[in-house]
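Q: I would like to learn how to read a sheet and a helix pair. Can we work through an example together?

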Amino acid sequence: MGAASSGFLHSGGDVDGGTVYVAFSGVQAALSVAGASAVTSGADVFAPVELRGDAAGARVFPQLAAAEPDAGAGDGDSVAVQALALRCFVKLCGSPEFQMLLNQIKGKEVMFTGHSLGGAIAALAALHYLCISSSSSASAPVPPVLCVTFGSPLLGNEALSRAILRERWGGSFCHVVSQHDVVPRLLFCPLDAVPVRIIVGMQLQQRLGCTRHACAVSLRVAESEQEALRQLIQAHIRSVAMEQKLAAPETRGGSPYRPFGTYVLCSLDGAACVDSLTAAVQMLYATFAARCVPGSVTSLEAAHSCYGDLVLKMPQQLLFKRRPHTIDAPVMVFNSNYDAGISLALEASGIHGEATEGTTARHWLKASKRAGRSPSLNCAGLSTRLGKITPSRAQIEWYKASFDADMGYYDAFKLQRSTKKFHHANMCRHKLAQFWDGVLSMLDNSQLPHDFHRRAKWVNAARFYQLLVEPLDIADYHRNNLHRTRGSYISHGRERRYELFDKWWKERDAFAGKGDTSTTANRSRSKYAGLTQDPCFWARVEEARELTERVKVEHDVASLAMKLGSLREFEHYSGELVESKEVSIDVLAPQSSYTLWVEEWKELKLKDEIRTASLFQL
């Protein structure tokens with residue numbers, strides 16, 4: 001059990017394979033604000049901080065910092081998180097206690113949790129653990145991680161939400177929100193309108209012994225002030241909900257913060273779950289507005305501290321056999337079990353038939369349900385499209401076979417031999433690239449199953465496409481002399497899809513439970529591979545040929561020795577590939593770039609040996 005003074009507690013994981021539970025407190029964050037002088041608004045306390053450059057946040061979250069702004073999404077912003085949570089987590093992350101915890105939980109199943117500001121810090125801790133777990137070993141699967149927050153304020157902007165979706169981490173976050181709680185909805189408001197003293201005061205009131213600080217920050221909030229705050233939140237979250245309906249991000253005003261992950265919307269009648277981010281915003285508004293009427297007032301403190309009771313009642317609600325209370329509702333509501341289930345979900349979230357928000361909420365619950373089914377349907381549709389695109393792949397295979405005995409299809413494509421064949425192969429190359437870029441776009445937008453990149457069918461299909469087509473992309477890159485204007489293909493010209501396919505291939509055995517990939521790697525071949533197993537082999541050949549030309553005119557002894565050393569390394573690497581038959585026969589074609597380089601390298605080595613012998617004679 002960890003020490004509470006460190007800002008977190010942890011337990012479990014004593015037995016191999018056991019889950020570790022880590023809970024975070026937001027009291028330290030609240031105290032840091034309470035101790036500050038003249039804090040009146042959230043413009044500074046909750047200001048978004050971008051994760052890029054050499055900032056501390058960029059070092060703690062490298063994958064998120066590396067996410068490029070998505071101009072096509074309408075804003076092009078970089079990933080940003082709220083200043084208060086980031087500052088507290090970066091400080092916590094640098095503590096010896098937290099570093100010791102990270103070492104203890106490495107590779108284990110972990111559940112992070114926290115209430116209020118502690119929930120925001122818990123989410124950052126989960127993101128940090130996912131970042132270091134995914135970057136520590138390219139071939140090892142990321143251990144199961146779950147972060148459950150209770151009454152947590154919004155954490156990041158829409159760019160953060162998209163980055164989490166791209167990394168396929170959205171299923172690791174679950175946010176439990178009470179119907180009347182203002183804190184999870186507060187940062188939908190313009191930041192300068194956020195009453196910091198109220199949110200900090202409620203956080204401090206959760207801890208015994210902090211009465212003095214709580215009173216200094218926020219005494220009991222007057223009923224009129226509570227109602228004004230509710231109306232402020234309702235107005236701004238309604239504005240965000242309307243912007244989503246209109247699909248008009250260019251009109252966005254107010255707060256930059258948006259939700260991510262799954263939302264569990266709780267009331268005294270149960271809970272409803274939505275994992276569509278658009279539906280989450282709509283339901284956060286609808287559930288809050290359904291009871292924001294005179295006569296249904298619950299104090300801010302009570303609504304923010306009720307999660308213990310709600311969680312205890314959830315299992316009981318699930319066990320009850322229920323039917324919708326809306327007996328007088330239109331007959332259409334009961335036309336199917338599905339519609340009845342939607343009605344029950346509405347009531348569980350706190351929206352009853354008489355609420356004006358019921359129709360809108362019903363629509364978004366149905367949309368969320370359809371979105372939940374669509375990944376599997378989309379995956380099935382992709383299988384059909386993959387079959388339709390197969391002739392393009394077969395055309396490039398035929399193109400390869402037609403040049404295997406002469407110069408190989410890499411050099412034929414680079415030199416545009418046989419114009420008709422070249423144009424046909426080039427058209428097929430673009431068709432295949434369009435298909436696979438579309439697959440990755442769907443994956444980035446969570447339109448495919450979360451484990452899509454682990455399914456053998458798609459990993460193998462992507463790998464075959466990569467080994468067959470990437471050599472043509474390399475040939476196109478060098479034919480257009482882009483290696484001279486942009487730089488090396490491997491460093492500056494490689495498409496994102498190929499880097500992702502490399503990662504999928506390296507992870508395939510680990511996710512399949514095999515763990516050790518050495519057996520496959522060391523399996524001997526009786527004949528040459530159908531496709532060269534290093535997709536960047538031809539880029540390395542081009543670099544070796546360029547380096548060979550530089551060596552011929554190099555006069556500096558130290559530079560010459562360095563270049564010759566690099567060429568010897570490539571000779572050893574390529575020789576091992578050929579010896580183990582990990583290359584296709586086109587590599588050894590009489591007029592291929594590799595065969596020509598081997599001859600050039602033999603001459604260069606002979607000249608170097610003669611030069612070295614003459615130096616010894618002198």
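Q: In what order do the seven strands of the open sheet lie?

A: Keep in mind that this is a predicted model. Strands of a sheet pair through backbone hydrogen bonds, either parallel or antiparallel. Here the seven strands follow the order β1-β2-β5-β6-β8-β10-β11, and the pairing is mixed.

Q: Which strands stand at the edges?

A: β1 (8–12) and β11 (270–274) do. Each has a single partner strand, so one side of each lacks a neighbour in the sheet. From one strand to the next, the twist averages 15°.

Q: What packs on the sheet?

A: Helix α6 (residues 96–105) does, touching β1, β2 (20–24) and β5. The helix direction makes about 25° with that of β1.

Q: How many bridges join β5 to β6, and do the strands run parallel or antiparallel?

A: Six bridges join β5 (residues 110–115) to β6 (residues 145–150), and the two run parallel. Within this pair, F112 stands opposite C147 in β6.

Q: Now the helices. At what angle do the axes of α19 and α20 cross?

A: At roughly 130°, with the axes of α19 (residues 419–444) and α20 (residues 456–479) coming within 10 Å. Angles over 145 degrees would count as roughly antiparallel, and 65 to 115 as roughly perpendicular. α19 and α20 are therefore oblique to each other. The crossing is left-handed.

Q: Which residues make the contact?

A: From α19, they include F422, R429 and W436; from α20, W458, Y465 and D473 are among them. By class, the contact residues are eleven nonpolar, no polar and four charged.

Conventions:
Residues numbered from 1 in each chain as written. Predicted model: local features only at pLDDT ≥ 70, side-chain atom pairs only at ≥ 80, totals over all residues. Heavy atoms only, no water. Axes fitted to C-alpha atoms, helices over the stretch in contact; angles between N-to-C directions. Helix = DSSP H or I, 4+ residues; strand = E, 2+ residues; numbered from the N terminus. Parallel < 35°, antiparallel > 145°, perpendicular 65-115°, else oblique. Left-handed = near helix turned anticlockwise from the far one by under 90°. Contact = heavy atoms within 4.5 Å. Nonpolar A, V, L, I, M, F, W, Y, C, P; charged D, E, K, R; others polar. Pairing = 2+ DSSP bridges.
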